[in-house]
Amino acid sequence: MIESVNTMAEKSKAKALKEELFYAPKHMATVVEEDLFPKADVFAEGYKEFMSNYKTEREITAFFKAEAEKRGYTEFDKTKTYQPGDRVYRVNRNKCIILTVFGKKPLSEGLRIAASHIDSPRLDLKPNPLYEKDELAFFKTHYYGGIKKYQWTTIPLSLHGVIVKGDGSVVTVNIGEDEGDPQFVITDLLPHLAREQEKRTLGDAIKGEELNVLVGSLPFKGEEESELVKLNILQILNEKYGIVEKDFLTAELELVPAFKARDIGFDCSLIAAYGHDDKVCSYPAAMANFEVEAPEYTVVTILTDKEEIGSDGNTGLNSSYFKYFVEDLGENAGIPGHDILSASECLSADVTAGMDPTYPEPMEANNASYISKGVCICKYTGSRGKYSTSDATAEFFGKVRKLLDDQGIVWQTGELGKVDAGGGGTVAMYLAALDIDVIDIGTPVLSMHAPYEVISKLDLYSTYQAMYAFFDQK
Ligand code: MN
Ligand code: MN
């Protein structure tokens, strides 16, 4: 008898001690207050609306510029002196936007930055895209970012972008999203005749030059000529946009999945959409900037382009556009830009790979992020022996940890898969290169880079909470 009671007591002591000593992230639903659920739902509805309507870096930049103006942000003027609470934005080449709220502390104490990207993997049109074969018209494409090419066939696609015409005027294109719009599609071989195709490896199943988009099939009427289907398409485009074939050369046209964001699951706990990577971080980072009131530090949200192809180019964070913005901020205040940068801290807000129970092999369970366990903080990304990343200091990770823990914000950590399983990078290293303290933080995603990615509403809200807490710190 006595022995058995002792065992019981020992067990509960062990349980209590485990709770005290072990690190065991829990499902958010089991640890948050009840009042978080309706807030997370409201936030998710706004996010879904945004995701259904704004899909490319240009559209998202225009959207947040308009939203910022509604909220009293004005275009940054480096000759002006700004007061705490003033709100400004700067747009870079219609593809990036920096949102700033001036804080009570001087700029010499640094900025609190959330940086996230608004480009997503997609199919760009080649410079000379239109051709006809067997009396069908197609666009040739060149994929942008890391995609599994076979996922992009036989799904509805929409066309977004701009065309610069010979006279220098610009036409905006957005076709395939509205009810009644035509859409576009990449065909695939029927299984009956795919015996040879099915011998290809998965990576080769659909080749880059097979990502040809069907755009029409009717010939121009009345005459005997070659390429009449192509001619008919060009005539339609000429009537609609006033363009000729040469104008494609000076265009940026992007094909993206025409899906709307939708709830997933009987419990409506998840959201599927195109481009959660990285709009699931961009949207919270912008919203936190909009909603923070009278911040102590000057807070900055960077929504950048070109992350998916390595951040190169003058709209990517591997250019100097952000550094120049900070120099301009400092100039009027008489503070060298590098002093502001060196005192700054940044959340590099980008998604992580959520554990998918169907594909556990490339993940290491103790160091993976899980759906609905909150926003994931990654000390480093990169590949192999921590190449091509910024490995945040323990001190800075500790600071962010305390900030989130003190406010009861649920978060987890994780690596991008097993050691040597693959890897990937974020904008963190480019901000670190400016001498900013930076750490990666973002929402776990299932089917990352697929045309239809999945996230959890609780994780989305936790991402927002983390951004807000970072901006609202004392
Ligand atoms: Mn990303
Ligand atoms: Mn990505």
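Asp277 bridges two manganese ions, ligand 1 and ligand 2, which lie 3.3 Å apart. This is a predicted model, in which local features need pLDDT of at least 70 and side-chain atom pairs count only at pLDDT 80 or more, while totals for chains, interfaces and linings use all residues. Residues are numbered from 1 along each chain as its sequence is written, chains are lettered from A and ligands numbered from 1 in the order in which they are written, and side-chain values use heavy atoms, with hydrogens and water left out.

Donors here are N, O and S atoms within 2.8 Å of the metal (3.2 Å for Na, K and Ca); water is not among the atoms, so sites may look incomplete. Helices (H or I, at least four residues) and strands (E, at least two) are DSSP runs, numbered from the N terminus. Both His117 and Asp350 are buried, a term that means under 20% relative accessible area, with exposed being over 50% and partly exposed in between (1.4 Å probe, protein chains only).

Asp277 and His449 are each buried. A further feature of Asp277 is the cis peptide bond that joins it to Asp278, with omega of about 15°; Asp278 is likewise found in helix H6.

Helix H6 also packs against another helix. The axes of helix H3 (residues 36–53) and H6 come within 11 Å and cross at roughly 125°. That makes H3 oblique to H6. The residues of H3 that take part are Phe43, Gly46, Tyr47, Phe50 and Met51, which meet His276, Lys279, Val280, Tyr283, Pro284 and Met287 in H6; contact means heavy atoms within 4.5 Å.

The largest nonpolar core has 61 residues, and Tyr47, Phe64 and Leu404 have the most contacts inside it. Such a core is a set of buried Ala, Val, Leu, Ile, Met, Phe, Trp, Tyr and Cys residues joined through side-chain atoms within 4.5 Å. Helix H11 (residues 457–471) gives the most to this core, with 9 residues. Leaving aside residues up to four places away in sequence, Phe64 touches Phe50, Ile97, Tyr283, Ala286, Met287, Phe290 and Leu303. A second, separate core of 31 residues includes Leu123, Phe184, Leu234 and Leu255.

Two loop residues remain. Glu227, in the loop between strand S10 (212–216) and helix H5 (228–241), has a positive phi of about 55° although it is not a glycine. Cys268, in the loop between strand S12 (262–264) and strand S13 (270–273), has a positive phi near 50°. Glu227 is partly exposed, with a relative accessible area of 43%, and Cys268 is partly exposed at 34%.

Terms used
Axes fitted to C-alpha atoms, helices over the stretch in contact; angles between N-to-C directions. Parallel < 35°, antiparallel > 145°, perpendicular 65-115°, else oblique.
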